[in-house]
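Please look over the two chains below before reading on. The paragraphs that follow begin with charged side chains, move to the interface, and end with backbone details.

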Amino acid sequence: MTIIDLTPGEVGTINGIKGDRHLQNRLVELGLLPGTEVRLVKCTPFNGPVEIKVRDSYLSIRRDDAKLVELK
Amino acid sequence: MKKSHFVEPKPKAIDPSKWVALVGNPNCGKTAIFNLLTGLNQKVSNYPGITVEKKVGKVYTQEKTFFNLLDLPGTYSLSAESFDEQIVSDQVVSWAKGEDPPSVIVSVVDASNLSRNLYLTTQLLDLDIPVIVALNMMDRLEDVSHIDIKKLERELGVSAVIPISAKMNWGLDDLKKAIQKPIKTREQVDHQSQWIKQELSHQFKSLIDSKFLSSKFAAAQALRRISRNGSINGEDTKIESIRNSISELGYYIETLEATLRYEWIDGIMPLVQPKIKPKIHKETRSERWDQILTHSWMGPGIFMVILYFIFQSIFTWAAVPMDWIQAGIDNISIFVLSNLAPGMLRDILVEGIIGGVGAIVIFLPQILILSFFLTVLEDTGYMARVAFMLDKSMTKMGLHGKSILPLMSGYACAIPGIMSARTIDSWKERLVTILILPLMSCSARLPVYTLLISAFIPPITVGGYFNLQGLTLVVMYFLGTVTALILAKIFSRFIKEKSSSSFVMELPPYRVPIARSVIRQVFIRGKLFMVNAGKIIMAISIVLWFLASFPKVDASVTDVNPIHHSYAGKIGHAMEPVIRPLGFDWKIGIGLLTSFAAREVMVSTLATIYNVEDRGDETVNLREAMQNDVDEKTGKPVYTPLIALALMVFYVFAAQCMATFAIVRQETNSWKWPIFMITYLTILAYTCAFIVYRGGLFLGFS
Ligand SMILES: Nc1nc2c(ncn2[C@@H]2O[C@H](COP(=O)(O)OP(=O)(O)O)[C@@H](O)[C@H]2O)c(=O)[nH]1
């Protein structure tokens, strides 16, 4: 299960991040650690980026990148 | 000054006359704090070799002393992902080697987003330079007591934690006092080198770069390089074995640094914020605003309305102050004319300087209005939402959600636009954005359009609603923008990708901008425009006046206007064979040449030429002079609506602003891209103007 599988408003817990080193590093630096809770806030039409809430911030990440964030 | 590994440097006392660095996450309020501390005592320059604004200011203290404050670009971490962040990490690395380090680092932290902001602070602490945490945005907390300041100070081991609010302007005096106090570095918590020492000390030691004064920083830096798999002195096998040991310990090498630091931060959070429960479900006010502002169809609609409003206001609101400025310029030339004896000085003043500079100052209102709107949109947090909403469409065009702001700034001036493309983390999309930016019709083209439209396009109504003059202007903007998007698509096909593109962007909470901050920003933009444009234009106006006025020919000897025999006339005539096919004459030729300095110079060039040619005393009305200009041989008008149209189309595309290419050279760090840019723009301009002029003639227009 990944972030994309949440319905908007639903909360999940991060299990790990796949993908290339840059993306992993960036996301972890922004606080997306295994065990951290994340909420899917909003999706944009035509498979555009999604908005998520992690810790106290709202982030926009591309849909393909969001698919790499695995949830427990 | 080399230090051996793992020897803690002695505590240093600070000398307040040394300098202080301001570091923080994007949107933590760093700019606001910098402005409050330095007031107007700031100097904006560039870092050597790169066009990143380096802002240094003087901060005066109650004791009438001062210290220098350096503002660094906002960054989330010292392991750089974008160009902007690279600057900060390069700076920090040089401090770590003892190259002019600051005496104190002020780490600005957004109190409403504590754990994420503290990540960077823990990285700065490795340097063993005293760190003061400026805990900003305290006004945004529901209750100030939610953060235990003393505990935070102790846990982090920083010199001080000072709660402040840049918005309410409180706490800044405390911050100043804390900076001045000689500070001892405390017993600092060791966030990861402790861990490394325990787990990997033997293997790790050989990878430590002894150039770093702080062993903690050296360890962290080695770790960063291992996780990038970069070889340190070609010791690949060692790195390989360290990577193996790390994964045996159950850690993920790619994200090891961040994981260790966050584990530590998350460990202290319950102590520091005892009353705060995790509130991931809580819907903030910004989120409720976003239900409308980033709604899937209302959102883009609202953005269109805002855009329309901005452009409308640039043209309508600016008209009044522009009239004042024009009146002022007229008065000045009348004043000079009536108070100075005729002669060369008066000529050069009226025909050269006042005519030339006046033609430019008139755009100041438009530049100020556009910068005002862009600053407000940026500071409220709205611009990030626009990037979020339009990312998909922009990617389809080969661009990036974050290309929106640079492209919009491009309507004011390509230079700040090109510079703001730095925030795009993917090199390819950043390059494409830069390459197409000169096609966004900048405000320097406006005077050319305005002059030609008012002189040659009749103010008639077409299609029942549209004023033909206004419509022509819109078409010019449209032509540039659409071509830009098409070319973006084409360029992105052919440019090889150097880095993968990701789009992780923070959507900061909506905030009411701080008025003082906005005003300062707009003021700085205006000042830069006046100083830069002013300098170039003044110089060109004088040189041009000289070229157009000399060599003096005795008017009684020849019946042609002496300007034909001037140096400028000769240059222009020499250009004619090339530009004749587009319908342009020698006067425009000179204008095209001088436009290389800046496009708006075209207008002042024509003004200067007609003023010199006129030989009368009054400054001529350029519009009428152009309308009435007839060919001395054929008696036909020199300029027709068709020529004016071809000229405008030429200006939509032409590569003319040298400053733009200088910036592109610096931002792309190569000559290849500015040369490519000049080439493609020139071909495009010539071809399109040719098609418009020849096509128009063929269809029977004139
Ligand atoms: N409520 C509140 N807003 C602030 C404070 N400091 C800055 N801001 C706002 O936060 C936004 C970002 O501030 P800015 O100084 O541009 O941040 P920078 O990106 O770190 O330079 C702006 O809209 C500021 O008006 C503060 O102490 N309280």
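A salt bridge here is a side-chain nitrogen of Lys or Arg within 4 Å of a carboxyl oxygen of Asp or Glu. By that rule, in this predicted model, B:D126, B:R224, B:E257 and B:R261 are linked in a network of salt bridges. Because B:R261 and B:E257 lie 4 residues apart in helix 9 (residues 256-272) of chain B, about one helical turn separates them. In general, an α-helix has 3.6 residues a turn, so residues three or four places apart point the same way. Both B:R261 and B:E257 are buried.

Over all chains the structure holds 18 salt bridges, and 4 salt bridges are found across the interface of chain A and chain B. In one of these, A:R39 meets B:E287 with the closest N and O atoms 3.0 Å apart, and the pair runs from strand 2 of chain A to helix 10 (residues 285-293) of chain B. Since buried means under 20% relative accessible area, A:R39 counts as buried at 4%, and B:E287 likewise counts as buried at 6%. A further salt bridge forms between A:R62 and B:D391, with the closest N and O atoms 2.8 Å apart. This pair joins two chains, because A:R62 lies in the loop between strand 4 and helix 2 (63-66) of chain A, whereas B:D391 lies in helix 15 (residues 382-396) of chain B. A:R62 is buried, with a relative accessible area of 12%, and B:D391 counts as buried at 2% relative accessibility.

How much area do chain A and chain B bury between them? The figure is about 3800 Å², with 52% of it on carbon and sulfur atoms. A:R26, A:E29 and A:R62 supply 19% of the area that chain A buries against chain B, which is more than any other three residues. Counted by contact, 39 residues of chain A touch 47 residues of chain B, and 21 residue pairs across the interface are in polar contact, both residues being at pLDDT 80 or more. On the side of chain A that touches chain B, the elements giving two or more residues are strand 1 (11-17), helix 1 (21-29), strand 2, strand 3 and strand 4 (57-61). Helix 1 of chain A gives the largest share, 9 residues. By class, that side of chain A has 17 nonpolar, 9 polar and 13 charged residues.

Within helix 1 of chain A is A:R26, which counts as buried at 5% relative accessibility. Leaving aside neighbours within four places in sequence, A:R26 is in contact with B:Y76, B:E81, B:E85 and B:V504. The two chains also meet through their strands: strand 4 of chain A and strand 10 (residues 505-507) of chain B run antiparallel and are joined by 3 bridges, and A:Y58 has B:L507 as its bridge partner in strand 10.

Elsewhere in chain B, helix 18 (residues 427-436) is mostly covered, with 10 of its 10 residues buried.

Two backbone details remain. Most residues other than glycine have a negative phi. A:N47, in the loop between strand 2 (37-43) and strand 3 (50-54) of chain A, has a positive phi near 60°. B:M137 also has a positive phi, of about 65°, and is found in the loop between strand 6 (131-136) and helix 4 (149-156) of chain B. B:M137 counts as buried, at 9% relative accessibility.

Methods. Residues are numbered from 1 along each chain as its sequence is written. Chains are lettered from A and ligands numbered from 1 in the order in which they are written. This is a predicted model: local features need pLDDT of at least 70, side-chain atom pairs count only at pLDDT 80 or more; totals for chains, interfaces and linings use all residues. Side-chain values use heavy atoms; hydrogens and water are left out. Buried means under 20% relative accessible area, exposed over 50%, partly exposed in between (1.4 Å probe, protein chains only). Contact means heavy atoms within 4.5 Å. Buried area is the accessible area (1.4 Å probe) that two parts lose on being put together, summed over both. A polar contact is a pair of N or O atoms within 3.5 Å; within protein, one must be able to donate a hydrogen and the other to accept it, and residues adjacent in sequence count only if both atoms are side-chain atoms. Ala, Val, Leu, Ile, Met, Phe, Trp, Tyr, Cys and Pro count as nonpolar, Asp, Glu, Lys and Arg as charged, and the others, Gly among them, as polar. Two strands pair if DSSP finds at least two bridges between them.
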